[in-house]
Amino acid sequence: MLDSYKHKGLRKVLVKQLKEKGIKDERVLKAIEKIPRHFFIEKYSAEVAYEDKALKIDAGQTISQPYTVAYQTELLHIQSGEKVLEIGTGSGYQTSILVELGANVYTIERQKDLFNKTTVFLPKLGYKANFYLGDGSMGIPEQAPFNKILVTAGAPNIPDTLLKQLAIGGVMVIPVGDENVQTMTTVIRVSETEFEKVEFAQFRFVPLIGDKAW
Ligand code: SAM
């Protein structure tokens with residue numbers, strides 16, 4: 001796998017586009033500029049890999065649009081050493097961004113093919129995470145609490161299982177809506193029993209499928 005000046009140049013252009021679309025967090029932009037997205041989607045040309053678009057990956061799933069990845073990551077405000085649960089490993093691209101920001105990532109995927117691929121590929125690239133195969137709508141109770149929870153598929157509602165696994169002071173970012181459109185939502189756990197919800201822009205994700213989802 002080759003990461004040439006051409007690829008680096010295409011990433012610079014992508015970062016410029018993300019800034020123009022409103023992404024401000026320099027750490028997030030730096031991670032996007034560093035990570036070779038084309039390695040995660042080898043069947044596409046370099047030009048296509050660095051368009052600001054979601055693309056099809058194996059198992060009928062998608063790698064999210066870079067803008068969506070940046071938007072969700074910005075809302076998380078990741079601090080180094082935080083324990084982060086990511087639901088929907090997919091291609092592993094978002095996982096690598098979280099690791100790059102210094103998070104201790106627990107990532108779960110329900111599609112075996114994608115799980116098998118990322119468990120080998122990400123460590124090879126130098127991104128160490130804790131990989132799980134299963135239904136992420138149930139979270140990973142034995143590893144809770146998490147400082148941050150990121151859901152990268154569209155949920156019909158906010159699973160209570162995930163609320164329970166959020167640390168006090170922790171933040172969850174989750175797209176919530178119907179099959180066609182979801183509202184990016186953050187939930188902050190203020191105390192044992194109190195949660196604060198804020199809604200942001202609308203997006204379109206593949207569905208979160210599971211016991212506490214579709
Ligand atoms: N973060 C991914 C990336 O960077 O490529 C994007 C993933 S894609 C938009 C959403 C992923 O969520 C898919 O791979 C899908 O199989 C997965 N998914 C859907 N429901 C899930 C569940 N209940 N548990 C775990 N993964 C799930």
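## Thr183 in strand β8

Thr183 counts as buried, at 16% relative accessibility; here buried means under 20% relative accessible area, exposed over 50%, and partly exposed in between (1.4 Å probe, protein chains only). The residue belongs to strand β8, residues 182-189. Helices (H or I, at least four residues) and strands (E, at least two) are DSSP runs, numbered from the N terminus. Leaving aside neighbours within four places in sequence, Thr183 is in contact with Ile174, Pro175 and Val176, and also with Glu199, Phe200, Ala201 and Gln202. Contact means heavy atoms within 4.5 Å.

## Basis of the model

This is a predicted model, in which local features need pLDDT of at least 70 and side-chain atom pairs count only at pLDDT 80 or more, while totals for chains, interfaces and linings use all residues. Residues are numbered from 1 along each chain as its sequence is written, and side-chain values use heavy atoms, with hydrogens and water left out.

## The chain as a whole

The chain has eight helices and nine strands. Its radius of gyration is 16 Å, close to the 17 Å that the globule rule gives for 214 residues, so the chain is as compact as a globular protein of that length. The radius is taken over C-alpha atoms, and the rule is 2.2 Å times the number of residues to the power 0.38. Along its principal axes, the C-alpha trace spans about 50 × 35 × 35 Å.

Of the 214 residues, 52% count as buried. Among contacts between residues at least 6 apart in sequence, 53% join residues at least 24 apart. The accessible surface comes to about 10,100 Å², and carbon and sulfur atoms hold 52% of it; areas come from the Shrake-Rupley method with a 1.4 Å probe, and for residues only the protein chains shown count as cover.

## Ser64 and its annotation

UniProt, in an unreviewed entry, places the feature "active site" at Ser64. UniProt positions are given in the numbering used here, feature names are shortened, and annotations may be inferred rather than shown by experiment. In the model, Ser64 sits in the loop between β2 and α5. At 18% relative accessibility, Ser64 counts as buried. Not counting residues up to four places away in sequence, Ser64 touches Arg37, Lys53, Ala54, Val69 and Phe205.

## Backbone features in loops

The peptide bond from Ala144 to Pro145 is cis, with omega near 5°. Pro145 is in the loop between β5 (130-133) and β6 (146-151). Apart from neighbours within four places in sequence, Pro145 is in contact with Lys83, Gln165, Leu166 and Ala167. Pro145 and Pro159 are 14 residues apart in sequence, and their C-alpha atoms are 15 Å apart in space.

Ala59 has a positive phi, near 60°, although this residue is not glycine. The loop that holds Ala59 runs between β1 (55-56) and β2 (62-63). Ala59 counts as partly exposed, at 34% relative accessibility. His77, which is not a glycine either, has a positive phi of about 45°. The place of His77 is the loop between α5 (66-76) and β3 (83-87). With 51% relative accessibility, His77 counts as exposed.

Thr95 is part of helix α6, residues 93-100. Thr95 is buried, with a relative accessible area of 0%. Beyond neighbours within four places in sequence, the contacts of Thr95 are Glu86, Thr89, Val105, Thr107, Leu122 and Ala129.

Arg110 lies in the loop between β4 (104-109) and α7 (112-125). With a relative accessible area of 43%, Arg110 is partly exposed. Leaving aside neighbours within four places in sequence, Arg110 is in contact with Leu133, Gly134 and Ile209. Arg110 and Gln182 are 72 residues apart in sequence and 20 Å apart in space, C-alpha to C-alpha.
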